[in-house]
Amino acid sequence: QPVRISTELVQIDVVVTDKQGRVVKGLTKDDFELYENGKKQLVSFFEMVDAVKGGRAGQKPSVDPEHVPSAQGPGETDIRRIFAFIIDDLEIRRTDMVFVRQMLTNFVETQMQPTDLVAIVRTVGGKGLLQQFTSDKELLRRAIAALTPMTHPLNAFEAGGSGAGAPIAPAGGGDGGGDISGAESDTDNMLRAYMSLGTASYVIDSLKQLPGRKAMILVSSGLPILSTNSGNSTDSISSFLNSLTDKAARAGVAINTMDIRGMKAHSGVADFEDTPGVSSTGTGGGRGFGRGPDESQFGYRAPFDTIQAQQGLRTLAADTGGIAVLNRNDFNAGLAQIVSSSEAYYLLAYTPLDSRFKGDFRKVEVRAKNKDYRVYSRRGYLAREDRPPAAPATKQEQVLQAIKSPVARLDIDLEATVLYKAATPDRGAIDIGLLIDPRKLTFEEVNGKQQANYDVVGFVYDELGRLRGGFSQTITATLTPEQLAEAVREGGLPYSTTTTLRAGVYQIRLAVRDNKTATVGSVSRYLEVPNLTRAGFTASSLLLSAAPPGEVKGMPTALSAARRVSRKQDLRYGVVIYNPKLKDGRPQVQTQIVISQEGRVIYKEPEQAVKPGSNPAQLFKYGQLGMAHVKPGRYTMTLRISDRLADKKTPSLARSRDFVVVD
């Protein structure tokens with residue numbers, strides 16, 4: 001972990017930027033000074049971590065910088081950056097939620113890398129499956145689309161009851177009326193702030209076991225945590241912030257904050273447009289960037305509660321070594337600065353001069369000797385020792401730990417295929433295929449044959465994160481040497497099972513444990529089962545199979561989980577399309593095949609019309625592609641499906657599946 005705290009060693013992480021906000025690399029221990037409670041400490045350990053290249057200063061990267069994670073997903077050594085977005089939907093106005101979706105979409109499509117792990121978590125309106133850490137862009141796109149306004153009694157911009165039924169005043173002016181200075185408004189502000197920070201605290205707990213320095217981004221319309229006038233409440237807030245700061249430090253989490261209201265005008269002054277002139281108004285002081293509007297320049301005074309709400313965001317970022325993006329309309333640029341701060345960081349460790357740990361809060365300050373540099377560091381820690389988590393003791397605990405982790409376990413290589421096709425209008429038939437690399441299992445000779453013993457476990461979770469089913473089986477594979485060699489050539493030992501699921505969104509999580517060595521491999525797959533009576537235009541999973549060249553015989557049977565096709569074969573594909581619009585009893589559906597490798601499109605066919613069969617409400621699209629001139633490697637086939645008769649609100653469909661070309 002990047003942060004360890006004990007009487008023998010306190011280790012913290014810091015980010016250094018120049019005047020332009022760019023991360024500074026290549027500094028040495030002598031470029032820093034470190035103080036605890038105002039007393040200078042001797043730095044006994046120093047290291048720079050280059051998160052982009054996956055290595056540390058003076059060391060060879062643990063993996064190739066151009067390395068693409070396996071089909072199982074990123075493992076612990078694959079992960080370069082981790083981002084947790086907390087969407088404070090108790091404070092964000094309905095109109096501002098549009099900017100949140102636009103900003104997150106831009107991040108996922110243009111800035112997110114295959115080696116990133118990302119979660120989008122809402123304060124009150126989220127669903128479990130869509131709030132997990134993932135490298136799956138499709139899952140994140142769905143989470144972004146679900147970011148719609150949520151009605152809640154404590155929502156700052158809802159006209160609802162609070163306590164005695166009085167309307168809740170908005171925290172920062174704007175979408176509602178009411179007395180912003182009343183005691184009840186203070187109480188509502190505090191409750192909203194505590195709920196948002198409680199969500200952040202929960203996410204920090206889940207981040208503690210993940211590697212490296214993690215970036216949390218709290219997107220809000222202000223955090224009015226300092227808006228109370230009560231002395232007792234102020235003491236409580238201080239204690240809470242100290243505890244949260246300490247928890248973030250021990251988990252290696254920097255909390256960045258963003259005011260999604262941007263730069264707003266008040267007291268009759270018109271709102272600013274999102275222009276470079278507005279976005280670049282100053283660089284501000286403190287630990288944020290951007291600055292509040294100058295009263296003398298604009299001729300008004302911002303409401304007191306707006307200032308306090310932003311002060312809460314500024315304080316939280318400053319305390320945890322993060323960046324505060326305030327009074328800025330270019331949200332993409334603000335997020336880009338936060339993202340760039342995750343490129344590299346420094347680890348500094350020291351033995352505290354005062355080794356008597358009594359639970360007191362100790363202030364830590366890290367300074368760069370170069371005054372042109374800016375250091376983002378944590379405010380301090382609580383003087384108590386870290387207790388390492390207990391290792392899983394039983395086989396069941398080991399498998400559950402692997403199943404629940406957002407990081408794929410790669411000790412055993414797995415290939416998984418999860419396919420959907422309609423069973424009934426409100427249920428889907430699910431085929432689960434797994435291929436287990438025998439080279440990562442322990443085989444022992446028994447009576448002249450090779451034998452391995454392993455467990456295969458699977459869990460099905462619904463959109464709310466609830467367990468909806470599962471399976472577990474212990475397998476003893478007994479193979480002749482020839483059979484074992486063939487399993488290696490064919491990509492692995494197969495395992496398959498089937499089930500049916502009601503309409504909904506699911507995640508299938510699978511794990512394999514070698515019972516001789518206790519090594520584990522894990523993989524997860526996202527799945528959507530539509531309700532055909534209500535879902536409208538939709539399609540089955542994309543099926544792929546290998547076929548003799550030129551022999552097109554209709555819908556394919558699925559490739560094994562390895563999804564391997566020889567260059568001497570054709571790749572056959574097929575999909576079932578449901579519920580197209582009809583005109584004069586006939587559909588007008590078109591498809592287009594796109595083949596890509598590592599995000600680069602290498603083949604795109606012209607759009608083709610799908611010929612209807614006897615049932616125009618259920619279309620079959622299938623075809624073949626020759627592989628003779630394709631270089632060996634992993635590719636992704638995407639089938640784009642559009643309905644020309646549908647209205648503009650009906651989106652086009654896309655079904656994708658990866659496959660491997662071999663000689």
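Which residue forms a salt bridge with D13, and how far apart are the closest N and O atoms? In this predicted model, the partner is R378, with those atoms 3.0 Å apart. The pair ties together distant parts of the chain: D13 sits in strand β2 (residues 10-17), while R378 is in the loop between β15 (374-376) and β16 (380-382), 365 residues apart. D13 is buried at 0% relative accessible area, and R378 counts as buried too, at 3%.

| D13 | R378 | 3.0 Å |

E415 is buried at 13%, whereas R634 is partly exposed at 33%. Elsewhere, salt bridges with shared partners join E36, D354, R356, D360 and R362 into one network.

Now for another aspartate. D88 lies in the loop between β7 (81-87) and α1 (94-111), and it's buried at 0% relative accessible area. Its side chain makes a polar contact with the side chain of S220, at 2.8 Å. D88 also touches other residues, including T123, S196 and G222.

Finally, helix α9 (residues 395-404) has Q398, V399, A402 and I403 as its buried residues. They fall within an arc of 135 degrees seen down the axis, so they line one face of the helix. That set packs against β20 (449-462), β23 (504-514) and β24 (520-529), while Q396 and K404 are exposed on the other side of α9.

How values were computed: Residues numbered from 1 in each chain as written. Predicted model: local features only at pLDDT ≥ 70, side-chain atom pairs only at ≥ 80, totals over all residues. Heavy atoms only, no water. Helix = DSSP H or I, 4+ residues; strand = E, 2+ residues; numbered from the N terminus. Buried < 20%, exposed > 50% of the residue type's maximum accessible area, 1.4 Å probe, protein only. Polar contact = N/O pair within 3.5 Å; in protein donor to acceptor, adjacent residues only side chain to side chain. Contact = heavy atoms within 4.5 Å. Arc of directions from axis to C-beta. Salt bridge = Lys/Arg side-chain N within 4 Å of Asp/Glu carboxyl O. Lists of a residue's contacts leave out its neighbours within four places in sequence.
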